Amino acid sequence: MTSKKVKVQSHEEDEAEQMEAKSDSGEDSSDDENPDIYKGDEGITVDFEGRNPIDSDSDGIKQMLGQLFVKAHIDLNELSGLIIGQNYVGSVLKQAYTDDDDEEEDEDMEDPCQIVFGVTTAINLTNKQDHPCIKQLQKLIFEKAEKYATDSVLKLFREALQSGSKSTALLLNERFVNIPAAVCVPMFENLIVEMDRARVKGMPYKFDYFLMFVKYYQKAAAGSKAAEVLYSNDEEEYFIKDSLASFDYSVQKETTTALAGNWLEEDEELQPFRKVLLIEANKLPDIIGTVKSLIAGAVSN
């Protein structure tokens, strides 16, 4: 089992607020204006690293998929198996372990870090379209698109997924809530390198488009205050900005609670949504570069 050596320190901070402040033009923000900000005095520091997915990660990967495709009719066991089966591309996020743990792993051939905290990968939807879980995923996409997307957006999704002339991948960027956006940068950078390496070897990782599901929550407008959108993964706002097309659908009926991350004092119920993005594949490096710059600026302040 190989560590990608993409270690990131995770601090319980309001990184989302810092990123937003860095990207906004002169608009002030404060804790008083954001009642959902975590206001406790607890704090932890954890080292994470990306690792090749292995068989024992199956349940953890399935859990990540389950929180994205909540109660959808998709065989998550099979989808998890596809991710593990292409473990030369993509990573699972795990807590970093020490050299002593590494020696024990060599002796016991077991993973000392069992918990999967996140998964970042790309699955070729074009050459895996005969798998039942991929057929189920496409059925979900078009059932929602036909109901909620505009005609022009639906046409773009059909071209990407059904025309046979385009190669499209499902881009997964899923992790536990409150793990900050900083962890996504080395995970995505490694993914890009791994896809490039796979293409050189003649593997089918040259894509025209990426398809991506974004989790977000909406707080209804109150009085003079406009409706507020909160993203589960803060960096995905920048994927949205550079997407070619998108549509939204509610998952309120599929969820029992709807709370976004960074809550403590005022656990306010929010309406959960999914936004489905179609992203031109050649834009991915620039998107990651933008996120990396924003995070670096937030950390230096």
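Predicted model: local features only at pLDDT ≥ 70, side-chain atom pairs only at ≥ 80, totals over all residues.
Colleague: Which residues of α2 and α3 make the contact?

Modeller: On the α2 side they are Ser58, Ile61, Lys62, Leu65 and Gly66. On the α3 side they are Leu76, Asn77, Leu79, Ser80, Ile83 and Ile84. By class, the contact of α2 with α3 has 6 nonpolar, 4 polar and 1 charged residues. As for handedness, α2 passes α3 in a right-handed crossing.

Colleague: How do helix α5 and helix α6 pack, and at what angle?

Modeller: Helix α5 covers residues 132–148 and helix α6 covers residues 151–162. Their axes are 10 Å apart, and the packing angle is about 165°. Angles over 145 degrees count as roughly antiparallel, so α5 and α6 are roughly antiparallel to each other. The crossing of this pair, α5 and α6, is left-handed.

Colleague: Which residues of α5 and α6 make that contact?

Modeller: Helix α5 contributes Gln138, Ile141, Phe142, Ala145 and Glu146. Helix α6 contributes Leu154, Phe157, Arg158, Leu161 and Gln162. Sorted by class, the residues of the contact of α5 with α6 comprise 6 nonpolar, 2 polar and 2 charged.

Colleague: Lys144 is also in helix α5. Which residues does Lys144 touch, not counting those up to four places away in sequence?

Modeller: With those neighbours set aside, Lys144 touches Ala149, Phe247 and Tyr249. Sequence distance and spatial distance have to be read separately. Lys144 and Ser250 are 106 residues apart in sequence, yet their C-alpha atoms are 9.7 Å apart in space.

Colleague: Where does Ser250 pair, and which residue of β9 is its bridge partner?

Modeller: In β9, the bridge partner of Ser250 is Phe273. Strand β8 (residues 245–250) is joined to β9 by 6 bridges, and the two run antiparallel.

Colleague: How many bridges join strand β6 to β9?

Modeller: Strand β6 (residues 209–219) is joined to β9 by 10 bridges, again in an antiparallel arrangement. One of the pairings is that of Tyr217, whose bridge partner in β9 is Pro272.

Colleague: Is strand β9 largely enclosed or largely open?

Modeller: The general idea comes before the case. In a regular strand the side chains alternate between the two faces of the sheet. For β9 (residues 271–280), 8 of the 10 residues are buried, so this strand is largely enclosed by the rest of the structure.

Colleague: Where is Ser167, and is it buried or exposed?

Modeller: Ser167 is in the loop between α6 and β5 (168–175). A residue counts as buried under 20% relative accessible area, and Ser167 is buried because its value is 14%.

Colleague: Which residues are in contact with Ser167, leaving aside neighbours within four places in sequence?

Modeller: With those neighbours left out, the contacts of Ser167 are Asn124, Thr126, Lys206, Phe207, Asp208 and Tyr209.

Colleague: How many helices and strands does the protein have, and what percentage of its residues count as buried?

Modeller: The secondary structure comes to 9 helices and 9 strands. Of the 301 residues, 49% count as buried. Among contacts with a separation of 6 or more, 79% are between residues 24 or more positions apart.

Key. Residues numbered from 1 in each chain as written. Heavy atoms only, no water. Axes fitted to C-alpha atoms, helices over the stretch in contact; angles between N-to-C directions. Helix = DSSP H or I, 4+ residues; strand = E, 2+ residues; numbered from the N terminus. Parallel < 35°, antiparallel > 145°, perpendicular 65-115°, else oblique. Left-handed = near helix turned anticlockwise from the far one by under 90°. Contact = heavy atoms within 4.5 Å. Nonpolar A, V, L, I, M, F, W, Y, C, P; charged D, E, K, R; others polar. Buried < 20%, exposed > 50% of the residue type's maximum accessible area, 1.4 Å probe, protein only. Pairing = 2+ DSSP bridges.
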